[in-house]
Amino acid sequence: MSITTEPEAFTAATPLMHVLADPRGRAAVGRVLPDLVSSSILHTLHGYPIGLVVDTEPALAGDPAAGAALLAEIAEIDRSAEPERPAPERFVEPSKAYEDVDVPPGSATVRQSATVTRFGRFEVELHGPSQGNPFIDVRLEARVDGPDGSVTVPGFYDGSGVYRLRYLPERVGEYSYRTSSNARSLDGIAGGFTVAPARPHAHGPVRVADTFHFAHADGTRHRPLGTTAYVWTHQGDLLEEQTLASLADGPFTKMRMCVFPKSYLFNENEPERYPFVGDPVHGFDLQRPDPAYWAHLERRIDQLAELGVQADLILFHGYDRWGFATMDPVADDRYVRYAVARLASFANVWWSLANEYDLLFSKTETDWERLAGIVRENDPSSHLLSIHNCRAFYDHSRPWITHASIQRQDIYKTAEMTSEWRERWGKPVVIDECAYEGDIDQGWGNITGEEMVRRFWEGAMRGGYVGHGETYRHPDDVLWWSKGGVLRGTSPSRIRFLDEILAAGPARGLEPIPLDWDVPRAGVEGEYLLYYFGFDQPGYRRFLLDPAVTWEIDIIDTWEMTIQRLPGTYSGRFRIELPAKQYIAVRMRAARTVG
């Protein structure tokens, strides 16, 4: 027998975020405290009791009666009844009669390249009709036939009567395509193209390899040394070019970045461009993406590719004052289809369905599952796809999730949980937010460079991948984590040093080898062993290993970035001297095997 419990009524002790998650609660708070619900610090208050927030809200200073009335109104909300929600946009299937019957089928002007390189981007440009609103009135796709079979490639409208179809070929050879559309002039257009060998350093999209690691489509291993600059593409050319220059000098191979602009601490400026036609004063037409905005985003993604950096694109987030976080399902679906149609042909794209999905209060698990299905259905290249948490993990065992994108749940312990998470989900673990090196007031944004580097090492030793971010205060609020710019911390050079150690290690990546209870180790039994002592500072260490293997040993100072080769070789039971300081690693490489 199941027992159904009624949801508890809101009280002064209810966390603010729970009240705001209910549309009736959000409406009540927004009516009395409109500046609060649009505040850039709102998310820093989420965990506090609504009563404490109201009692300390400057807008209610000297008016305790207004605060009491708000709390009373919230307490009266019947949580057993579903809240009324605005009527969503009704989806309208594109008409089969978009163009007159006297328009010859396939009569649109076509431009395309005859040859494209493997892992390059093949594009068909079609000049066709523009009456009505082609963003929603026209359906366009193509069947592409090649050496690996057939795929369906979605097309999109790019404004001014221009339509595009883009495809990322992964095999050398001959390809053909044929379009399908409800617009007669775009329907039944056929063509072909040749795919030549890849250019140097073009390795194709990154995918999961050996269960817990990553490799490009051509088999080249990929180690995601990630960083975060959420809205760097929204800052204008001067700062954006500075960000690219910093990436060119840095160690990072993956950038977490938002498609939508962000409204949060240190993110209070208006972006130069918006993803939809409109502006904050007059509103946005969610049925009309702005092609100039998307072209700018595409250029930045291509520039990341030139630097060898993956663009981990965040499709949704809750830090919003423009209404993009609260679009209805029809608008959400249309936006995702458009984004995937435009960007799935970029080899260096990863999809992140959401940053902190559990702070998008208007979306349910059903919504996320539907949106994930849209990404999968419309991405012929099957790019990596994840979803990122604030407090509660999504179920990363879902088949559409390729890897676990993690934000820490414990204040201190995060990378140390990598082995447990690998075992729980059987997928690569990417700790995209282990906290950030910096000096702001938030606990997630003021760890030291030493601690950032330690967390990178702890995650690597357990077979995972840790991400970087930087939140040092700046007079113009230009923090790397939000807007990019210049890297100012002490961790990036040490992260590069770690990458050099990993590059010289096992080709398939580090795998944990549990043995010693007090120190993590990883590698390949009998070939390569790496020990990391982290906070500890041993002055010596005893080892007991298989005497059939003789080892050459290096002492690695992960902070000073030095490697000291010990004289001679070692096997069986032995002792080595260590420098009695923190952040030391010991690397053992097999010199020979006896027997």
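Helices (H or I, at least four residues) and strands (E, at least two) are DSSP runs, numbered from the N terminus. This is a predicted model, where local features need pLDDT of at least 70, side-chain atom pairs count only at pLDDT 80 or more, and totals for chains, interfaces and linings use all residues. Residues are numbered from 1 along each chain as its sequence is written, and side-chain values use heavy atoms, with hydrogens and water left out.

**Exercise 1: a glutamate in a loop**

Find where Glu-170 sits, and work out whether Glu-170 is buried or exposed.

*Solution.* 
- Step 1. Look between β6 (162-167) and β7 (173-181): Glu-170 is in the loop there.
- Step 2. Check its relative accessible area, which is 19%. Buried means under 20%, exposed over 50%, and partly exposed in between (1.4 Å probe, protein chains only), so Glu-170 counts as buried.
- Step 3. Now list the contacts (heavy atoms within 4.5 Å). Skipping neighbours within four places in sequence, Glu-170 touches Arg-118, Phe-119, Tyr-175, Pro-205, Arg-207, Ala-217 and Ser-381.
- Step 4. One of these partners, Arg-207, has a side chain joined to that of Glu-170 by a polar contact of 2.5 Å. A polar contact is a pair of N or O atoms within 3.5 Å; within protein, one must be able to donate a hydrogen and the other to accept it, and residues adjacent in sequence count only if both atoms are side-chain atoms.

**Exercise 2: two phenylalanines with positive phi**

Look up phi for Phe-119 and for Phe-266, then place each residue in its loop.

*Solution.* 
- Step 1. Know the background: most residues other than glycine have a negative phi.
- Step 2. Take Phe-119, whose phi is near 70°, a positive value in a residue other than glycine. Phe-119 lies in the loop between β2 (115-117) and β3 (122-127) and is buried, at 8% relative accessible area.
- Step 3. Take Phe-266, with phi near 65°, again a positive value in a residue other than glycine. Its loop runs between β13 (254-258) and β14 (276-279), and at 15% relative accessibility Phe-266 is buried.

**Exercise 3: an exposed lysine**

Say whether Lys-96 is buried or exposed.

*Solution.* 
- Step 1. Go to the loop between α5 (64-75) and β1 (109-112), where Lys-96 lies.
- Step 2. Read off the relative accessible area: at 82%, Lys-96 is exposed.

**Exercise 4: a helix pair**

Describe how helix α12 (residues 449-461) packs with helix α14 (residues 491-503).

*Solution.* 
- Step 1. Get the geometry: the angle is about 20° and the axes are 9 Å apart. Axes are lines fitted to C-alpha atoms, for helices over the stretch in contact, and angles run from 0 to 180 degrees between N-to-C directions.
- Step 2. Classify it. Angles under 35 degrees count as roughly parallel, over 145 as roughly antiparallel, 65 to 115 as roughly perpendicular and the rest as oblique, so α12 and α14 are roughly parallel.
- Step 3. Find the contact residues: Gly-449, Met-452, Val-453, Phe-456, Trp-457 and Ala-460 come from α12, while Ser-491, Arg-494, Ile-495, Leu-498, Ile-501 and Leu-502 come from α14.
- Step 4. Sort them into 9 nonpolar, 2 polar and 1 charged. Here Ala, Val, Leu, Ile, Met, Phe, Trp, Tyr, Cys and Pro count as nonpolar, Asp, Glu, Lys and Arg as charged, and the others, Gly among them, as polar.
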